[in-house]
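Me: Please take a close look at the ligand site in this model. I want the surroundings and the contacts, with cut-offs.

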Amino acid sequence: MIRPTKGKTPRRPVPKKQLNNQKDPVGVYCRVRPLGSEDEECCVEVISNTTIQLHAPDGLKANRNGEFKETQYTFKKVFGLKTTQKELFDDVAKPLVEDLVHCKNGLLFTYGVTGSGKTYTMTGSPGQGGLLPRSLDMIFNSIGPFQAKRFVFKPDDKNGMEVQNQVDALLERQKRESQQSVPKTPSSRQKLDPEFADMISPEDSSKAEGVDEDSSYSVFVSYIEIYNNYIYDLLEDAPFDPIKPKPPQSKILREDQNHNMYVAGCTEVEVKSTEEAFEVFWRGQKKRRIANTQLNRESSRSHSVFIVKLAQAPLDADGDNVLQDKNQVNVSQLCLVDLAGSERTSRTRAEGNRLREAGNINQSLMTLRTCIEVLRENQMCGTNKMVPYRDSKVTHLFKNYFDGEGKVRMVVCVNPNADDYEETMLVMRFAEMTQEVEVARPVDRPICGFAAGRRHRNQAFKEELSRRLEERGGPVDGEPPSALGQLLQSLPQLPPCEISDPADDVTFPRVIECLEKRLKIRQMLTGEYNKAANMLKSMLQDLDGKLISKENFIHDQQGKLGEKDKMIHNQKNEIDRLEKKSKMLEYKIDILQKTTNIYEEDKRVLQHELETREQRLQRELSEKKRMEARMQGFVTDEKLRWQKECERRVNAKELEMQNKLWVKDEKLKQLKAIVTENKTENRPDKPQRPSREKDRAPAKRSASPSPIPTAAPVRPMHRRSHSAGAERWVDHKPLTNVELDTVMQPNVPNAIKVTAPSEKALSKCDKYMLTHQEVASDGEIQTKLIKGEVFKTRGGGQAVQFTDIETLKQETPVAPSRKRRSSENGPNQEQNKDGDWTDVETRCSVAVEMRAGSKVGPGYQHHGYPKRRKP
Ligand code: ADP
Ligand code: MG
């Protein structure tokens with residue numbers, strides 16, 4: 001808001017800075033114009049109502065190996081080919097005009113390549129009015145009835161506005177009218193220049209809501225052009241010399257008390273209607289055209305700035321006049337800017353010139369881009385870089401829009417022609433970036449301290465007054481007299497005032513008397529009227545006071561509301577921050593959870609592995625124990641076996657030895673018997689030579705002197721009768737024998753089986769067989785069947801004469817070397833040693849006498865004695 005003064009009235013609360021912490025991004029809109037002709041190549045596509053897509057033209061694609069792809073750009077809104085001027089206005093400019101009448105500043109500019117439709121968008125053409133004429137129309141539609149008389153508001157040439165009183169304003173009006181410098185408001189649209197007639201059809205007109213009716217308004221317009229970084233006033237009334245044209249004087253920029261920039265000495269024309277305003281604009285436009293032609297300038301390279309200033313001030317308490325207080329004047333402005341073409345080169349020039357101007361970049365647009373970039377960086381990164389507004393006039397002029405507050409909007413115009421592709425792409429990038437810049441939101445205008453509805457009341461009063469004054473002439477026939485009429489009637493009637501002769505001294509005094517009476521009544525009435533008026537006035541003042549206090553209260557409340565709003569905003573920010581934080585934490589938790597899961601999985605796998613290993617270990621351990629037990633068992637078995645084996649071998653050896661001894665003894669005995677028999681035949685008393693076997697025998701014999709010596713027959717002449725040929729066997733199997741599971745079991749039918757030889761058994765049989773087991777040298781058990789014949793001895797006992805020994809032997813097939821028969825001569829020397837007594841001749845020549853009670857072991861009790869011989 002452009003504030004003309006330093007001081008502020010105490011009634012106006014100044015929460016402006018406090019409340020103004022809200023920002024809005026620059027609103028960027030994109031408008032795509034139709035192609036110039038159908039055979040032009042198109043490179044732009046409207047994808048949605050916010051997005052457009054650029055695709056590289058075919059030629060360019062081929063050149064760059066398809067490096068260029070489609071690029072998309074998003075804006076607040078995209079307007080396609082069929083968008084009407086009205087639609088665009090409603091979306092883009094209408095809110096700015098609404099802001100303007102509510103004391104807020106706005107900046108609207110069109111940006112784009114030359115020929116993209118900037119001027120069409122801003123100005124339009126007859127029947128197709130652009131944003132500018134439509135904005136003017138809306139302004140006047142909104143404030144029309146509330147406009148102040150011309151020259152009530154007066155620019156102070158310092159970007160401020162003064163208020164003149166009615167009389168001064170009237171005088172100035174008369175002065176200007178006489179100079180004929182004030183443009184006459186055209187009475188109707190029909191009278192307009194056909195060049196810009198019918199810009200807006202009446203049915204299109206818009207109106208702002210909520211216009212303060214208790215204010216008075218005035219619109220001032222200025223129109224400037226910035227060319228080559230010089231500012232020219234297009235409305236200046238400089239006399240133009242067509243023969244020797246003077247170059248127009250450029251203007252300078254100044255900063256007012258409120259740090260707003262303005263063009264010093266720039267013409268500001270007060271306009272009272274859309275038509276008048278547009279006519280002023282058109283005047284400037286014409287001037288611009290002429291200057292461009294005369295100075296051979298290119299219009300596409302200049303920026304045109306149309307400034308609409310709206311001054312508004314509250315009506316006084318009566319609602320009659322504008323309040324004569326400069327501090328109460330508010331000035332807001334709307335700048336409508338048609339920027340120069342954004343291309344880097346001049347397109348309209350010939351090829352040679354184009355080359356020459358190739359590097360001639362439009363400096364002010366470059367600065368605009370830089371400023372936007374720096375602003376954006378400062379805002380987004382929190383940096384505090386200096387924004388180079390001063391580098392060009394355009395940016396310098398609008399500095400306060402970006403630094404201060406206001407609404408900034410930009411319409412980016414696009415020509416879909418493929419020729420413009422590269423330039424258009426640059427435009428799009430800049431436009432997208434611009435959207436990221438934020439501008440402080442303008443605050444609402446503080447409420448003026450006067451009661452609302454003043455204008456309305458004043459109007460009603462005036463109407464009533466004029467009505468009453470009309471009635472003053474007296475009652476119309478047939479109607480009751482009004483109060484004023486009654487009052488007038490109560491005055492004494494004037495006597496007839498005709499003077500018939502100069503000496504008439506009756507008429508005059510009568511008239512004088514009557515008039516005096518009337519005067520008295522009048523004075524009385526005036527007094528009463530004054531009293532009533534004063535009373536009314538004080539009453540009104542009271543009411544006003546109350547109203548004001550109420551308004552102040554409302555104001556306070558609004559202030560508090562603002563604070564609460566701020567608090568809510570802060571808390572919202574805090575909530576946002578916390579939400580972000582919580583999201584972050586959630587994310588972290590998620591990650592930790594995932595990590596935990598991974599670790600747990602690892603743990604499970606390792607545990608599983610551990611378990612399997614432990615199981616294996618356990619298994620191996622138990623296996624080991626089992627093996628140990630088995631080995632132990634095996635060892636004890638083996639030990640036992642070997643113990644038995646050893647015993648058996650010892651026994652066998654013992655037996656063998658005893659047998660040998662016995663055989664020798666027997667031989668000796670038989671020899672002795674032969675000798676003794678011969679001697680007995682000669683000398684029966686001759687004592688017998690004692691033999692070892694007969695150590696006890698002589699004692700026995702001496703104890704029982706039997707005439708028959710107990711001697712076994714040497715020859716087998718006394719064999720028992722073999723009647724019927726059936727021999728009876730004594731099958732002697734000692735208990736110590738091991739049951740062998742083999743076929744080589746001697747099976748003797750009709751035998752008496754004994755485990756020890758008895759005289760009884762021997763006496764019944766004539767054949768004897770001993771099954772003798774022994775361990776052979778190879779460790780195998782070998783069974784010997786020792787067979788003999790039983791004889792009756794002369795002493796009545798039984799004797800056995802051994803006739804045959806059969807050897808049964810089991811051989812293990814795994815030891816092929818031992819397969820040799822035991823009888824054969826082999827490497828086993830022991831076998832050979834044994835061989836001498838198993839020899840057939842030896843066996844057959846041996847006679848054995850059984851002897852009971854022999855100590856050689858049960859298996860070899862071959863000597864049988866009758867039991868009766870036992871003591
Ligand atoms: P710029 O000002 O960007 O150089 P102009 O506004 O002068 O471009 O437009 C160039 C031409 O294109 C003009 O003849 C204009 O009437 C036409 N034109 C531009 N935009 C549109 C549109 N949206 N619809 C129809 N014609 C258009
Ligand atoms: Mg243009």
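Reply: Start with helix H5 (residues 118–122): with three residues, helix H5 gives the most to the shell around ligand 1. Helices here are DSSP runs of H or I, at least four residues long, numbered from the N terminus. This is a predicted model, where local features need pLDDT of at least 70, side-chain atom pairs count only at pLDDT 80 or more, and totals for chains, interfaces and linings use all residues. Residues are numbered from 1 along each chain as its sequence is written, chains are lettered from A and ligands numbered from 1 in the order in which they are written, and side-chain values use heavy atoms, with hydrogens and water left out.

The residues around ligand 1 are Arg31, Arg33, Pro34, Val113, Thr114, Gly115, Ser116, Gly117, Lys118, Thr119 and Tyr120. Each has a heavy atom within 4 Å of the ligand. By class, three are nonpolar, five polar and three charged. Pro and Tyr count as nonpolar here, and Gly as polar.

Now the polar contacts (pairs of N or O atoms within 3.5 Å). Lys118 places a backbone N or O atom 2.9 Å from an oxygen atom of ligand 1. Thr119 uses a polar side-chain atom, 2.7 Å from a ligand 1 oxygen. Tyr120 returns to the backbone: one of its N or O atoms there lies 2.7 Å from an oxygen atom of ligand 1. Taken alone, ligand 1 exposes 550 Å², and the protein buries 65% of that. These areas come from the Shrake-Rupley method with a 1.4 Å probe.

Conventions
Polar contact = N/O pair within 3.5 Å; in protein donor to acceptor, adjacent residues only side chain to side chain. Helix = DSSP H or I, 4+ residues; strand = E, 2+ residues; numbered from the N terminus.
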